[in-house]
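Please look through the following protein model together with its sequence.

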Amino acid sequence: MENFHIDGSTYIPRIDFNAETGVLEIEGESYHEYTTEFFGPIFSWLEDYLEESGKEITMNFKMSYFNTSSSRRFLEILTLLEEYQNNKEGKVVVNWYYEENDVDMLESGEEYADDVELTFNLLPY
């Protein structure tokens, strides 16, 4: 399976999903208006990737800002990973990176950690 990559820009996060290592990264800012269209190919790739059972996956989020619409898509990604872990013998670890003084981003990570049953690490930098 091919890797998946999108270069980040002002409104768009950098996406780097490595099919060989199982490291999936989303980094930057996400506040564009058309999240359904933007995240569509991401979900397609992820669904194909999750067809095979038993993978170890590390999901790294390192966001500095995201809007409500992007927040919903992130929860959908986490829910897909949770379903994979529960139904396909996968092992998923989520690393939520936040700037040490960014209380809002820390709280967002805490809320996601409460919403899914995954190993969830809150990591200041």
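## The loop between S3 and H1

Glu33 counts as exposed, at 67% relative accessibility, where exposed means over 50% relative accessible area, buried means under 20%, and partly exposed lies in between, with a 1.4 Å probe and protein chains only. The residue lies in the loop between S3 and H1, helices (H or I, at least four residues) and strands (E, at least two) being DSSP runs numbered from the N terminus. The C-alpha atoms of Glu33 and Glu56 are separated by 32 Å, the two residues being 23 residues apart along the chain.

Tyr34 is placed in the loop between S3 and helix H1 (35-49), and with 57% relative accessibility Tyr34 counts as exposed. Between Tyr34 and Leu50, 16 residues apart in sequence, the C-alpha to C-alpha distance is 25 Å. Tyr49, in contrast, lies in helix H1 and counts as buried, with 2% relative accessibility. Tyr49 and Asn3 are 46 residues apart in sequence, and their C-alpha atoms are 9.7 Å apart in space.

## Basis of the model

This is a predicted model, in which local features need pLDDT of at least 70 and side-chain atom pairs count only at pLDDT 80 or more, while totals for chains, interfaces and linings use all residues. Residues are numbered from 1 along each chain as its sequence is written, and side-chain values use heavy atoms, with hydrogens and water left out.

## Salt bridges

Side chains of opposite charge can pair when their charged atoms come close. The structure holds 4 salt bridges, a salt bridge being a side-chain nitrogen of Lys or Arg within 4 Å of a carboxyl oxygen of Asp or Glu. A network of salt bridges links Arg14, Asp16, Glu25 and Glu27. Arg14 lies in strand S2 (residues 14-18) and Glu25 in strand S3 (residues 23-30), so the pair ties together parts that are 11 residues apart in sequence. Arg14 is partly exposed, with a relative accessible area of 23%; Asp16 is also partly exposed, at 26%, and Glu25 counts as partly exposed at 24% relative accessibility.

Another salt bridge joins Glu76 and Arg73, whose closest N and O atoms are 2.6 Å apart. Both Glu76 and Arg73 lie in helix H2, 3 residues apart, which is about one turn of the helix. How exposed or buried is Arg73? Arg73 is buried, with a relative accessible area of 13%, whereas Glu76 counts as partly exposed at 35% relative accessibility.

Glu89 is found in the loop between helix H2 (68-87) and strand S5 (91-98), and Glu89 is exposed, its relative accessible area being 71%. Although Glu89 and Lys55 are 34 residues apart in sequence, their C-alpha atoms are 7.6 Å apart in space.

Most residues other than glycine have a negative phi. Phi of Glu89, however, is near 55°, a positive value in a residue other than glycine.

## The negative patch

Asp104, Glu107, Glu110, Glu111, Asp114 and Asp115 form a negative surface patch. Patches are made of residues with over 30% relative accessible area and no salt bridge, like charges being joined within 9 Å and nonpolar side chains (Val, Leu, Ile, Met, Phe, Trp, Tyr) within 5 Å.

## The annotated domain

An unreviewed UniProt entry carries the annotation "domain: SiaC family regulatory phosphoprotein", which covers residues 6-125; UniProt positions are given in the numbering used here, feature names are shortened, and annotations may be inferred rather than shown by experiment. In the model, residues 6-125 are 40% helix and 32% strand, and the end C-alpha atoms of the span lie 23 Å apart.

Definitions and conventions:
Areas by Shrake-Rupley, 256 points an atom, 1.4 Å probe, with all protein chains shown as cover. Lys, Arg positive; Asp, Glu negative; His and termini not counted. Charge placed at Lys NZ, Arg CZ, Asp CG, Glu CD.
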